[in-house]
Amino acid sequence: MVISQKAVSKVEGRLRRLAEVQPGPKARELATTLDKDPALVELVLEESASVIRAERGVLISETRAGWVCANAGIDSSNLPEGWVSLLPVDADASARQIRAEIGAASGESPAVLIADSFGRAWRLGQADVAIGCAGLTALSDWRGRDDRQGNELPATVIAGADVLASAADLAREKGSGVPVVIVSGVAELISHEDGPGAAELRRPAHDDLFR
């Protein structure tokens with residue numbers, strides 16, 4: 001089950017009304033520089049462990065959960081005017097809880113993936129990626145295997161959870177209001193245990209050549 005982050009955030013009460021946010025001095029200063037709403041910038045700072053870039057009208061930060069993204073993943077799409085949604089505090093924990101509740105209610109435990117739209121540093125456009133999952137192998141390490149020509153694969157690590165998130169996004173339009181997509185035919189990625197979740201996908205700062 002691939003579930004929209006927005007649906008999970010709504011259920012978990014991760015919505016904020018910008019009019020009720022009091023921006024601090026740092027938020028006001030950044031907002032002036034970036035031409036952004038000071039209240040939005042204040043929320044970004046509250047949700048971030050650190051600011052990575054703040055220039056050309058773009059605010060990139062590392063969230064407290066460890067994701068590097070624009071505006072700490074905060075957005076206002078599909079919400080009433082003046083409201084924004086924050087990312088789940090721990091999307092892996094959210095996925096595990098949803099999986100457990102489905103199992104308790106039905107006796108079945110499908111893998112659960114929480115997806116959100118992220119920009120990519122080297123490419124234009126956004127694509128859905130996994131920010132939380134349970135019962136799913138997020139990364140498949142193919143290093144050491146041979147390709148069709150018998151050559152060893154030295155660096156191939158497949159982000160299966162991200163691939164599934166993007167594939168599921170093709171089955172719904174952004175404004176459709178469809179919160180869940182069922183994906184089948186990927187039994188090789190499904191596990192009985194919840195597993196480490198989408199946390200596996202985070203690149204450690206010491207391996208990040210751009211920080």
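1. Asp 141 and Arg 143 join their side chains in a salt bridge, at 2.6 Å from N to O. The term means a side-chain nitrogen of Lys or Arg within 4 Å of a carboxyl oxygen of Asp or Glu. Asp 141 is partly exposed, at 40% relative accessibility.

2. A word on the source. This is a predicted model, in which local features need pLDDT of at least 70 and side-chain atom pairs count only at pLDDT 80 or more, while totals for chains, interfaces and linings use all residues. Residues are numbered from 1 along each chain as its sequence is written, and side-chain values use heavy atoms, with hydrogens and water left out.

3. How many salt bridges does a search of the whole structure find? The search finds 8. Arg 99 and Asp 194 form one of them, at 2.9 Å from N to O. Arg 99 sits in helix α4 (residues 91–106) and Asp 194 in the segment after β11 (180–181), so this pair ties together parts that are 95 residues apart in sequence. Helices (H or I, at least four residues) and strands (E, at least two) are DSSP runs, numbered from the N terminus. Arg 99 is buried, at 5% relative accessibility. Asp 194 is partly exposed, at 26%.

4. Glu 20 and Arg 17 also meet through their side chains, in a salt bridge of 3.9 Å from N to O. Glu 20 is exposed, with a relative accessible area of 53%. Arg 17 is partly exposed, with 39%.

5. Now the sheet of 3 strands. This open sheet has the order β3-β4-β5, and its pairing is antiparallel. Why is one side of β3 (48–55) and of β5 (68–70) left without a neighbour in the sheet? Both strands stand at the edges, each with a single partner strand, so one side of each has no neighbour there. From one strand to the next, the twist averages 25°. Two strands pair if DSSP finds at least two bridges between them.

6. Look at the pairings in turn. β3 and β4 are antiparallel over 6 bridges. Val 51 has Ser 61 in β4 as its bridge partner. The hairpin of these strands, β3 and β4, has 2 residues between the strands, and Arg 56 takes a positive phi near 50°. Strand β4 (residues 58–63) pairs with β5 over 3 bridges, again in the antiparallel sense. Here Ile 60 has Ala 70 in β5 as its bridge partner. The hairpin of β4 and β5 has 4 residues between the strands, and Gly 66 in the turn has a positive phi of about 100°.

7. Which residues make up the covered face of β4? They are Leu 59, Ser 61 and Thr 63. The uncovered face has Val 58, Ile 60 and Glu 62. In a regular strand, side chains alternate between the two faces of the sheet.

8. The other sheet is open, with 4 strands in the order β8-β7-β1-β11 and mixed pairing. β8 and β11 stand at its edges, each with a single partner strand, so one side of each is left without a neighbour in the sheet. β1 and β11 run antiparallel and are joined by 2 bridges. Val 2 stands opposite Val 181 in β11.

9. Two helices meet this sheet. α4 lies across β1, β7 and β8, at about 55° to β8. α5 packs on the sheet and touches β1, β7, β8 and β11, with its direction at about 115° to that of β8. Axes are lines fitted to C-alpha atoms, for helices over the stretch in contact, and angles run from 0 to 180 degrees between N-to-C directions. Contact means heavy atoms within 4.5 Å.

10. Helix α5 (residues 160–169) has buried residues: Gly 160, Ala 161, Leu 164, Ala 165, Ala 168 and Asp 169. Their cover includes β1 (2–4), β7, β8, β10 (157–158) and β11. An α-helix has 3.6 residues a turn, so residues three or four places apart point the same way.

11. Last, the surface. Trp 122 lies in the loop between β7 (112–120) and β8 (123–134). Trp 122 is exposed, with a relative accessible area of 69%.

Conventions. Buried means under 20% relative accessible area, exposed over 50%, partly exposed in between (1.4 Å probe, protein chains only).
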